[in-house]
Amino acid sequence: MKTINDFNFKDKKALVRVDFNVPQDDQLKVTDNTRIVAVKPTVDKILKDGGSVILMAHLGRPKGEVKDEFSLKHIVDEVSNVLGQEVKFVDECVGEKAEQAASELKAGEILLLENLRFHNEEEKGDVAFAEKLSKLADAYVNDAFGTAHRAHASTAVIAQFFNSTKFFGLLMAKELQAIDKVLKSGEKPITAILGGSKVSTKITIIENILPAVDNLIIGGGMAFTFIKALGGKIGTSLVEEDKLPLALEILGKAKQHNVKVYLPSDTIIAESFNNDAERKEVDIYEIPEGWMGLDAGAKSRDQFNDVLLNSRTILWNGPIGVFEMSNFSGGTVALGDSIAEATKLGAFSLVGGGDSVAFVKQFGYGEKVSYVSTGGGAMLESLEGLELPGVAAINN
């Protein structure tokens, strides 16, 4: 893997693709700077070498139109604050103005370009647009794992204009190493926890990880499709009727790979999808009519805990209950505690995918696991075994 550690950036300008698609409030102030903090090590390394940094990113979905609310000028202060020095800004990313700002950049300085997606050519993967961007610098660095699964001009196409000077940033390298640890080089036993609502969104992940894992914990809404396929009564719980044969097929494949599958044995049920609804704890195979399962029960939590404390590598994607409602968050909190404890005992734990990451941040588990992925879609595609365009562009 070619990373920025393989190059000295002294007197070189580095064009760094970052993921600054950050949440903002009504005043357009950044409300979560995690993605900005994540690229600081890459920027620091280039500046320490004596190089300069040109940051390029997108924000929101302006669809090729210049819209003030999507301008990166609104995040300049936060970027400067996080990176610990003044960041210059230019309200264009290609053309004369951008080229002049880039040429005037001195060693040790940082320049942020305007939103790439103000140009339709970015998302279309336009070669001419990528070539214009490439004129701004001597080296190209991709540190935007969150967009690595997109074949956009700045993430995949541009690399062809930097033969020997294209590199992965330190964040990107960490993301790829974390996934590799789960799929290829992880210490056994390896346990994958897949939660969330639908089996259909996780099929390819399950099929791709079965040869690599020892244990598979299936929780959340998707568990009910498996329980019904196995003959259980699930009341009005979430189910994908058309995926019942697939659920049995997955269980059969797991058996072939000697993977132990753990489904919840009990569940906390409610009469309606409501935090204040009446609730009780029942056997997951015996949910009464008119009731729905919304969280993992006490026995399931204990069983999952035993599996996790005996694991050396853990992948977590998807909650195992409706954690957004306080009365149905207990199962996911217990799971988070078990993963934190396993990590403390020396296991490597990787958390990825929108809802799991949201949970980890909301409930303060970020420091208690080994790695929290910054790229939802990119991580899922990696777990599905797909080579990401942004990765292929540097490797090839």
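Okay, let me start with a definition: buried means under 20% relative accessible area, exposed means over 50%, and partly exposed is in between, with a 1.4 Å probe and protein chains only. By that rule glutamate 122, at 0% relative accessibility, counts as buried. We'll come back to that residue.

Quick housekeeping. This is a predicted model, where local features need pLDDT of at least 70 and side-chain atom pairs count only at pLDDT 80 or more, while totals for chains, interfaces and linings use all residues. Residues are numbered from 1 along each chain as its sequence is written, and side-chain values use heavy atoms, with hydrogens and water left out.

So, the overall picture. The protein chain has 16 helices and 17 strands; helices (H or I, at least four residues) and strands (E, at least two) are DSSP runs, numbered from the N terminus. The C-alpha trace spans about 70 × 45 × 40 Å along its principal axes. For 396 residues, a compact globule would have a radius of gyration near 21 Å, and this chain comes out at 23 Å, which agrees. That radius is taken over C-alpha atoms, and the globule rule is 2.2 Å times the number of residues to the power 0.38. Of the 396 residues, 55% are buried. As for contacts (heavy atoms within 4.5 Å), take those between residues at least 6 apart in sequence: 73% of them join residues at least 24 apart.

Next, the sheet. In what order do the six strands of the open sheet run? They go E3-E4-E2-E1-E5-E6, with parallel pairing; two strands pair if DSSP finds at least two bridges between them. Strand E3 (87-90) and strand E6 (166-168) are at the edges with a single partner strand each, so one side of each has no neighbour in the sheet. From one strand to the next, the twist averages 25°. Zooming in, E3 pairs with strand E4 (residues 110-113) in the parallel sense over four bridges, and lysine 88 stands opposite leucine 111 in E4. Helix H3 (residues 76-83) packs on this sheet, touching strand E2 (52-56), E3 and E4, and its direction makes about 150° with that of E3.

On to the core. In soluble globular proteins, nonpolar side chains tend to be buried together. Here a nonpolar core is a set of buried Ala, Val, Leu, Ile, Met, Phe, Trp, Tyr and Cys residues joined through side-chain atoms within 4.5 Å. The largest one has 107 residues, and Phe20, Leu55, Leu113 and Leu133 have the most contacts inside it. Leaving out residues up to four places away in sequence, leucine 113 touches a list including Leu15, Ile54, Leu72, Phe89 and Leu136. There's also a second, separate core of 21 residues, with Ala296, Trp316, Ala342 and Tyr365 included.

Now the charges. A salt bridge is a side-chain nitrogen of Lys or Arg within 4 Å of a carboxyl oxygen of Asp or Glu, and by this rule the count is 18. Back to glutamate 122: which residue does it form a salt bridge with? Arginine 17, with the closest N and O atoms 3.5 Å apart. That pair links distant parts of the chain, glutamate 122 in helix H5 (residues 120-124) and arginine 17 in strand E1 (residues 13-17), 105 residues apart. Both partners are buried. Glutamate 122 also touches residues including Phe129, His152 and Ser154.

Another pair is glutamate 241 with lysine 228, closest N and O atoms 2.7 Å apart. Glutamate 241 sits in the loop between strand E9 (233-234) and helix H11 (244-256), and lysine 228 in helix H10 (residues 223-229), so the pair ties together parts 13 residues apart in sequence. Glutamate 241 is partly exposed at 45%, and lysine 228 is partly exposed too, at 31%.

Most residues other than glycine have a negative phi, and most peptide bonds are trans. The bond from lysine 188 to proline 189, though, is cis, with omega near 0°; proline 189 is in the loop between helix H8 (170-185) and strand E7 (190-194). Lysine 63, not a glycine, has a positive phi of about 55°, and at 60% relative accessibility it counts as exposed.

Conventions:
Axes are lines fitted to C-alpha atoms, for helices over the stretch in contact, and angles run from 0 to 180 degrees between N-to-C directions.
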